[in-house]
There are 2 protein chains.
Amino acid sequence: MRLLIVDDHTMVLDLMSALFASEKDIDVSTAATYESALKTIETNNPFDLILLDFSMPGLVGLEGVSTVLKQARGCPVALMSGVANRDVAKLALEAGAVGFIPKTMQAKSLINAVRFMASGEVYVPNDFMNAPIDERREHPLARNLSEREYQVLKGLCKGLANKEIARDLELQEVTIKLHMKNLCRKIGANNRTHAAMIARDAGLF
Amino acid sequence: MRLLIVDDHTMVLDLMSALFASEKDIDVSTAATYESALKTIETNNPFDLILLDFSMPGLVGLEGVSTVLKQARGCPVALMSGVANRDVAKLALEAGAVGFIPKTMQAKSLINAVRFMASGEVYVPNDFMNAPIDERREHPLARNLSEREYQVLKGLCKGLANKEIARDLELQEVTIKLHMKNLCRKIGANNRTHAAMIARDAGLF
DNA sequence: CAAATTCCTATACAAAAGTATAAGACACTA
DNA sequence: TAGTGTCTTATACTTTTGTATAGGAATTTG
């Protein structure tokens, strides 16, 4: 079985290679950049599975994922990420990824997951996708926010204006302003942009 | 030598444990949360080195680092991060960290670095700190920005208002507005918050 | 030197964000 | 039932942000 791992973190690359080295039937290739990954796919096709890190320089978000999927020539591509949340995972799967590997997963499970995906199945960790809706609400930052404030913060982190958030939530703009002010106070932000950065730093969204 | 690795990514924890397992004289403990790390420090002291992941839920940025440093009871603490930049590394060192490990590092170098730090030295990868100042300017997003636009974007990503950025750069507020508008257009943002999120997503700042 | 760039500032206006106060609807609870 | 808290909206206002246009200064380039 031939596996290609793409990650800009050399350390992760090394460590994962080492992990799979003990699996006799798995042949691991690695690439640290998007370009070298594509080149490797060109020359060393076919792979049974490509493990792609979600956050690579030059690969911005989901657009990057689609690009790789298009250029993978039919190889199944699975996403890896240490930070991405459920929404991202869902979108990646909709875009055609065959799996999603959060880096919070155990190494042993990783091997199983890789075999699973290489055999043509779609893998998503159960506890990741099927956790209670409010999982993320357990985050220390989000805990004090009301449901609406959380939704507004979510919209804010997409870079939306108050008016747009209001449209999405079917509320009046003035209501968004109120929630915005309150949530800023609660998380200690001086303004909306500050709030967005604090939320992002904390790993929300 | 006793080593404690703290990272919310179980996979990283597993892989690194495996890496150090082949080093006979290194005894590795791990913790996946801030709380369990502190508990482990309480009961299993002393460690020769603590490797702390920079982005842990509940540990927001540098404040979290200082907290751990305070509670580490003299154990040297080194920071690990896949995303942090030079500024963060510098601040961490100033706060008392004994080293900084970017996850772009090779696994083999990691072992050396760990031994180095455990022996009382301060470790920072040369190519990380001493790279040319404009390293980050090579980023696809930042390449098209002028120097001033880059500085304004940097201020924005701290959550600063135009007036504050103007004070910091010793410019007029109106000038900041101009740069802000131009940089938003260049990176495809609809407004300042959107720009900040795009920059953050791209790994800038 | 002239042209092109980048940067800085000014004025002026439109739009959005932020603040404050008041009040009604709803659900939950002591 | 009265009280508490969240959510909602309204009105009114100030501040900040965003946009447009224009011009001067400095630097680089042909």
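**Reading a protein pair on DNA**

Biologist: Which residue has a side-chain N or O atom 3.2 Å from a base oxygen of DNA strand D?

Modeller: The residue is Lys177(B), whose side chain provides that N or O atom. Please keep in mind that this is a predicted model. In such a model, a pair of N or O atoms is read as a polar contact when the two lie within 3.5 Å, so the 3.2 Å between Lys177(B) and the base oxygen qualifies.

Biologist: How many residues surround DNA strand D, and which are the closest?

Modeller: There are 18 residues around DNA strand D. The closest are Ser146(A), Arg148(A), Gln172(A) and Thr175(A) from chain A, together with Lys177(B) from chain B.

Biologist: Which residues are 3.0 Å from a phosphate oxygen of DNA strand D?

Modeller: Two examples can be given. Gln172(A) places a polar backbone atom 3.0 Å from a phosphate oxygen of DNA strand D.

Biologist: Which helices each supply at least two residues of the surface near DNA strand D?

Modeller: From chain A they are helix 7 (147-156) and helix 9 (173-187), and from chain B helix 8 (162-169) and helix 9 (173-187). Sorted by class, this surface has 7 charged, 6 polar and 5 nonpolar residues.

Biologist: Let us turn to the other strand. Which of the 17 residues around DNA strand C come nearest?

Modeller: They are Lys163(A) from chain A, and Ser146(B), Arg148(B), Gln172(B) and His179(B) from chain B. Of the atoms of DNA strand C that come within 4 Å of the protein, 67% belong to sugar and phosphate. Lys163(A) has a polar side-chain atom 2.8 Å from a phosphate oxygen of DNA strand C. The backbone also takes part: Gln172(B) has a backbone N or O atom 3.0 Å from a phosphate oxygen, and a polar backbone atom of Glu147(B) is 3.4 Å from one.

Biologist: Which element gives the most to the surface near DNA strand C?

Modeller: That is helix 9 of chain B, with 4 residues. The elements that each supply at least two residues there are helix 8 (162-169) and helix 9 of chain A, and helix 7 (147-156) and helix 9 of chain B. By class, this surface holds 5 nonpolar, 6 polar and 6 charged residues.

Biologist: What rotation superposes chain A on chain B?

Modeller: The rotation is 180°, with 0.2 Å of shift along its axis, and the RMSD is 0.2 Å. The two copies are therefore related as by a two-fold rotation axis. Within chain A, the C-alpha of Thr193(A) is nearest this axis, at 2.4 Å. Both copies use the same surface, since 94% of the contact residues of chain A recur in chain B.

Biologist: How much area do chain A and chain B bury between them?

Modeller: They bury about 3,000 Å², of which 67% is on carbon and sulfur atoms. Met11(A), Leu15(A) and Met197(A) supply 23% of the area that chain A buries against chain B, more than any other three residues. The contact involves 36 residues of chain A and 35 residues of chain B.

Biologist: How many salt bridges are found across the interface of chain A and chain B?

Modeller: There are 2. In one salt bridge, the side chains of Arg200(A) and Asp201(B) meet at 2.0 Å, N to O. On the side of chain A that touches chain B, helix 1 (10-21), strand 5 (99-102), helix 5 (107-118) and helix 10 (192-201) each give two or more residues. That side divides into 17 nonpolar, 11 polar and 8 charged residues.

How values were computed
Residues numbered from 1 in each chain as written. Chains lettered and ligands numbered in written order. Predicted model: local features only at pLDDT ≥ 70, side-chain atom pairs only at ≥ 80, totals over all residues. Heavy atoms only, no water. Least-squares fit on C-alpha atoms with pLDDT ≥ 70 in both. Contact = heavy atoms within 4.5 Å. Buried area = accessible area lost by both parts, 1.4 Å probe. Salt bridge = Lys/Arg side-chain N within 4 Å of Asp/Glu carboxyl O. Nonpolar A, V, L, I, M, F, W, Y, C, P; charged D, E, K, R; others polar. Near = heavy atom within 4 Å. Polar contact = N/O pair within 3.5 Å; in protein donor to acceptor, adjacent residues only side chain to side chain.
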